[in-house]
Amino acid sequence: MSAQPIADNLFTDDMGALLGARNRQTGQIFFPLPLTPDDNIEPVVLGTRGTVWTYTVQRFPPKPPYIGPTDPEKFKPYVVAYVSLPDQTMVESRLTGIDPDDVKIGMEVEFTVIPLDPDAPVEEQKLIHAFKPVQGE
Amino acid sequence: MSDVCIVGAGIHPFGRTEGRDGMDQGIFAVRQALADSGIEWKDVQFAFGGSAASGSADNMVSQLGLTGIQFINVSNGCATGGSALNAAVSAIKSGEYEMGMAVGFDKHPRGAFNADPSAYGLPNWYGEAGYMLTVQFFGAKIMRYLHEHNISRETLGRVAEKAFRNGVKTDHAWRRSEVDLETIMNAPMICDPLTKYMFCSPAEGAVAVILASEKKARELGVPIIRLKSSVMRTRPPGSFEVFAASIDNERGGTATEIASKAAFEQAGMGPEDIDIAQLQDTESGAEIMHMAENGFCKPGEQEQWLLEGRSDITGSLPINTDGGCLACGEPIGASGLRQVYENVVQLRGTAGARQVQGDPKTAYTQVYGAPGVSAVTILQR
């Protein structure tokens, strides 16, 4: 068995994008897609490129319900950003492939998936969403 | 229409008190408030009160006395105290009652507040993947604000430095020693750009306030503090609140902006008429944003304000004269009423070493919390 998404309904089937939701009446797009069916809500595939609107860095290991690595010796601070997807919404997401001290508001990023614990055996890995800097920018 | 008046106020010191639970701290504050106004518990006709983690406030009657009074519990997150006060004011304004009480108390365990995703309508993965932390929200929100309004990170440090400086002079404060700017800036980063000293901690404490109609207040013959406004509001579209897996691209206003505007209208005053302000400072960034959201300066001017000490006790508009949440800690149920207590003391001129000079006559409070609630009061002597 290979790595699995951390939850159902989070990604498209090919894991190439996030699943969001559109309110049919107001047109508002938001994330994530609610698990409870609702006639007013339809799924929408979220864009895969956006810009960093703001960010912070989680510098200490979180307590439960967090299930990622928390060993203080091995814990790596991670970036939490709001990524603005044009004409859709801003998604709260980790950034990957960049040193936390190099993140800049306004930088272009693209969608990817990463394991919550890269040191876990592959069959136990849970995949979460992230954005990474657009190459060549 | 005649004003509702504050005729008594009491506080249990904030911080950590081993061996005394939250409700007992509430009882302590109530007894002090009763003594302050020169009345007895049997004279109190009604009460509104609340705590987030220390039980139902109406249970206080078993210790205070079974007088049969109307005692309504309030649960409004960080605005619990402000909402209790607001409800008490309305009860007197309606003419149904002449004298009552608003009380808030709490005792939280050490460390950041733990949160359960389902309580916020969020899926479990949100917590499992490491997003269920309030500190991330505070960091991300002020990171954007500093960027948009060209404010330096040192300004965050100066807010904390001022809070600890004021806390030294405050009997009810928790943190009672100064911390210099360099130490604050070089302290471990919690969530960028906020270091350890820029966050308040969950704590313990209690505050009670006795309110009366103007007629009743005159009969008591105590110093009268008038409540010119008491307003509580919830968030408008496009605000940026804690635990949001997504936020709209189109940004909107804030609950505080709405509450502040309504409070000034109710009082027939503007920001320029205020002599002292107590503003929500869950972390340094909150005080900076709230200076502008309440109309005391324009976004971006905070840098100069802090640099010049305009919000110091000796400045043109002293802000958080008792050290705010940063020096007092944040017992959720009591926090908003602490601001009111501090203003009562300041307006009476009995604040001792931290007394604002120049005979202050008007004082402002603003409390803000999850998920986008804000309560404002304006007091006048």
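This is a predicted model: local features need pLDDT of at least 70, side-chain atom pairs count only at pLDDT 80 or more; totals for chains, interfaces and linings use all residues.

Let's start with a strand pairing inside chain A: Arg94(A) has Ala130(A) as its bridge partner in E9(A). That contact belongs to a parallel pairing, in which two bridges join E7(A) to strand E9 of chain A, residues 126-133.

**Around strand E7 of chain A**

- E7(A) is mostly covered, with six of its six residues buried.
- E6(A) is another partner of E7(A): six bridges join them, and the two strands run antiparallel.
- In that pairing, Ser84(A) stands opposite Met90(A) of E7(A).
- E6(A) and E7(A) form a hairpin with five residues between the strands, and there Asp87(A) takes a positive phi near 60°.
- E7(A) also pairs across to the other chain, where two bridges join it in the antiparallel sense to strand E9 of chain B, residues 246-247.
- Look for Val91(A) there, as it stands opposite Ser246(B) in E9(B).

**Where the two chains meet**

- How many residues of each chain are in contact with the other? There are 33 from chain A and 28 from chain B.
- On the chain A side, the elements giving two or more residues are strand E5 (49-58), strand E6 (78-84) and strand E7 (90-95).
- E5(A) provides the largest share of that side, six residues.
- By type, the chain A side splits into 23 nonpolar, seven polar and three charged residues.

**Helix H5 of chain B**

- H5(B) covers residues 134-149, which makes 16 residues.
- From first C-alpha to last, H5(B) reaches 23 Å, close to the 22 Å expected at 1.5 Å a residue.
- The buried residues of H5(B) include Phe137(B), Phe138(B), Ile142(B) and Leu146(B), and also Lys141(B) and Arg144(B).
- What do the buried residues of H5(B) pack against? In chain A, they meet E5 and E6.
- In chain B, they pack against helix H6 (153-167), strand E5 (189-191), strand E6 (194-195) and helix H10 (284-293).
- Just after H5(B) comes Asn150(B), with a positive phi of about 55°.

**Two crossing helices in chain B**

- Helix H3 (residues 80-93) and helix H13 (residues 332-348) of chain B have axes that come within 5 Å and cross at roughly 60°.
- Because of that angle, H3(B) counts as oblique to H13(B).
- H3(B) makes the contact through Thr80(B), Gly81(B), Gly82(B) and Leu85(B).
- From H13(B), the contact residues include Ile332(B), Gly333(B), Leu337(B) and Val340(B).
- The residues of this contact divide into five nonpolar, six polar and no charged.

**An open sheet in chain A**

- Three strands of chain A make an open sheet in the order E3-E2-E4, with antiparallel pairing.
- Strand E3 (29-30) and strand E4 (41-45) stand at the edges with a single partner strand each, so one side of each has no neighbour in the sheet.
- Strand E2 of chain A, residues 19-23, pairs with E4(A) in the antiparallel sense over five bridges.
- One spot to look at in that pairing is Arg22(A), which stands opposite Glu42(A) in E4(A).

Note on methods:
Residues are numbered from 1 along each chain as its sequence is written. Chains are lettered from A and ligands numbered from 1 in the order in which they are written. Two residues are in contact if their C-beta atoms, placed from the backbone, lie within 7 Å. Helices (H or I, at least four residues) and strands (E, at least two) are DSSP runs, numbered from the N terminus. Ala, Val, Leu, Ile, Met, Phe, Trp, Tyr, Cys and Pro count as nonpolar, Asp, Glu, Lys and Arg as charged, and the others, Gly among them, as polar. Two strands pair if DSSP finds at least two bridges between them. A residue is buried if 20 or more other C-beta atoms lie within 10 Å of its own, exposed if 12 or fewer, and partly exposed in between; C-beta atoms are placed from the backbone. The expected span of a helix is 1.5 Å times one less than its number of residues. Axes are lines fitted to C-alpha atoms, for helices over the stretch in contact, and angles run from 0 to 180 degrees between N-to-C directions. Angles under 35 degrees count as roughly parallel, over 145 as roughly antiparallel, 65 to 115 as roughly perpendicular and the rest as oblique.
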